[in-house]
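Please have the sequence and the model at hand while reading.

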Amino acid sequence: MQVYRWTLTMALSIVHRATGIALYVGTLLLVWWLVAAASGPAAYANVQAFTGSIIGRLIVFGYTWALMHHMLSGIRHFVWDLGYGFKPNEREALTWGALIGGIVLTVLIWIIGYAIGGGR
Amino acid sequence: MSFDESHGAPKGSSMRTPLGRVRNLGAAHSGTSDFWRQRLTGVALTLLMIPALVIIMMLLGPNQVRAAQILSSLPVAVILLLFIFACTWHMKIGMQVVIEDYVHNEKLKLVSVMLNNFFTIAVALASTYAILKLSSGV
């Protein structure tokens with residue numbers, strides 16, 4: 001039974017959890033990358049081949065967004081923990097800020113990444 | 001003696017302080033420590049985000065030989081170790097909260113919490129080992 005009117009802050013609370021779970025699973029990529037770097041050129045080339053592929057790029061792009069969104073959404077929670085931002089317009093603004101800020105930071109990071117040669 | 005209503009409990013019912021009342025509470029009998037550590041590691045990760053992103057940017061182009069060189073430098077290794085420590089601790093607590101919220105079967109919950117511990121510790125140790133191996137140049 002759905003008794004609540006669906007609000008932006010409720011939806012973004014779920015997104016915070018979903019991005020958290022995605023980041024959790026995605027640490028496998030971080031482990032693979034670090035272990036490969038410690039293993040040698042062949043293993044490292046495999047990681048680079050994967051992260052350079054279309055699928056790999058999509059996953060890392062999604063991971064970048066999940067990370068940026070989760071971070072900004074988390075900062076929003078810190079503001080609430082400190083006792084600020086509970087008025088209706090304030091909590092909406094914080095939530096929109098995390099949503100838009102996450103997308104902007106992700107695009108910005110990828111522009112910088114391509115500019116310094118990650119595009120190859 | 002003045003009556004202090006702000007401390008919750010009815011007058012005369014208890015001599016325990018507010019802190020004493022919440023200590024050791026909760027499913028894990030560790031009170032609010034996970035709540036605090038979730039925020040501690042969250043702040044740490046926010047602060048570490050820019051240096052971590054810079055390191056990842058530095059590693060976008062180079063081959064393994066150059067990447068190993070970068071990863072074995074002291075500041076890079078320390079920043080990554082701090083990041084991995086905070087990250088794995090943060091995600092262990094976060095996943096446990098999710099499990100406790102959605103898994104209601106007691107046995108399944110126990111197994112899930114256990115697997116969560118195994119996974120996060122494995123991620124933490126494998127990454128740490130890799131960085132230490134690169135730093136020691138073996």
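What pLDDT does chain A average? The average for chain A is 92, and 96% of the residues score at least 70; pLDDT is the predictor's confidence in each residue, from 0 to 100. This is a predicted model, in which local features need a pLDDT of at least 70, side-chain atom pairs count only at pLDDT 80 or more, and totals for chains, interfaces and linings use all residues. Residues are numbered from 1 along each chain as its sequence is written, while chains are lettered from A and ligands numbered from 1 in the order in which they are written.

**Confidence**

- The predictor assigns the complex an ipTM of 0.90 and a pTM of 0.85.
- Within chain A, confidence is highest in α3(A), at a mean of 96, and lowest in α4(A), at 91.
- Chain B has a mean pLDDT of 88, with 86% of its residues reaching 70 or more.
- In chain B, helix α1 (residues 18-22) has the lowest confidence, at a mean of 78, and α5(B) the highest, at 97.
- Residues 1-5 of chain B have a pLDDT below 50, and this stretch has 1 contact in the model beyond near neighbours in sequence (a contact means C-beta atoms, placed from the backbone, within 7 Å).
- Where pLDDT is low, the predicted coordinates should not be read in detail.

**Chain B as a whole**

- Chain B contains 5 helices and 0 strands; helices (H or I, at least four residues) and strands (E, at least two) are DSSP runs, numbered from the N terminus.
- Of its 138 residues, 20% count as buried, a term for residues with 20 or more other C-beta atoms within 10 Å of their own, where 12 or fewer means exposed, values in between mean partly exposed, and C-beta atoms are placed from the backbone.
- Among contacts in chain B with a separation of 6 or more, 64% join residues 24 or more positions apart.

**Helix α3 of chain A**

- The 28 residues of α3(A) should span 40 Å at 1.5 Å a residue, and this agrees with its end C-alpha atoms, which are 40 Å apart; the expected span is 1.5 Å times one less than the number of residues.
- Buried residues in α3(A) include A:Leu67, A:His69, A:His70 and A:Gly74.
- Just after α3(A), A:Gly83 has a positive phi of about 95°.

**Where the chains meet**

- In total, 26 residues of chain B are in contact with 26 residues of chain A.
- On the chain B side, α2, α3, α4 and α5 of chain B each give two or more residues, and α5(B) gives the most, with 7 residues.
- B:Ser127 is found in helix α5 of chain B, and this residue counts as buried because it has 25 C-beta neighbours inside 10 Å.
- Leaving aside neighbours within four places in sequence, B:Ser127 is in contact with A:Leu30, A:Val31, A:Leu34 and B:Ile84.

**The nonpolar core**

- The largest nonpolar core has 35 residues; such a core is a set of buried Ala, Val, Leu, Ile, Met, Phe, Trp, Tyr and Cys residues joined through C-beta atoms within 7 Å.
- The largest share of this core, 9 residues, comes from α1(A).
- Among the residues with the most contacts inside the core are A:Trp33, A:Ala37 and B:Leu71.
- Apart from neighbours within four places in sequence, B:Leu71 is in contact with A:Ala37, B:Val76, B:Ala77, B:Ile131 and B:Leu134.

Methods: Two residues are in contact if their C-beta atoms, placed from the backbone, lie within 7 Å.
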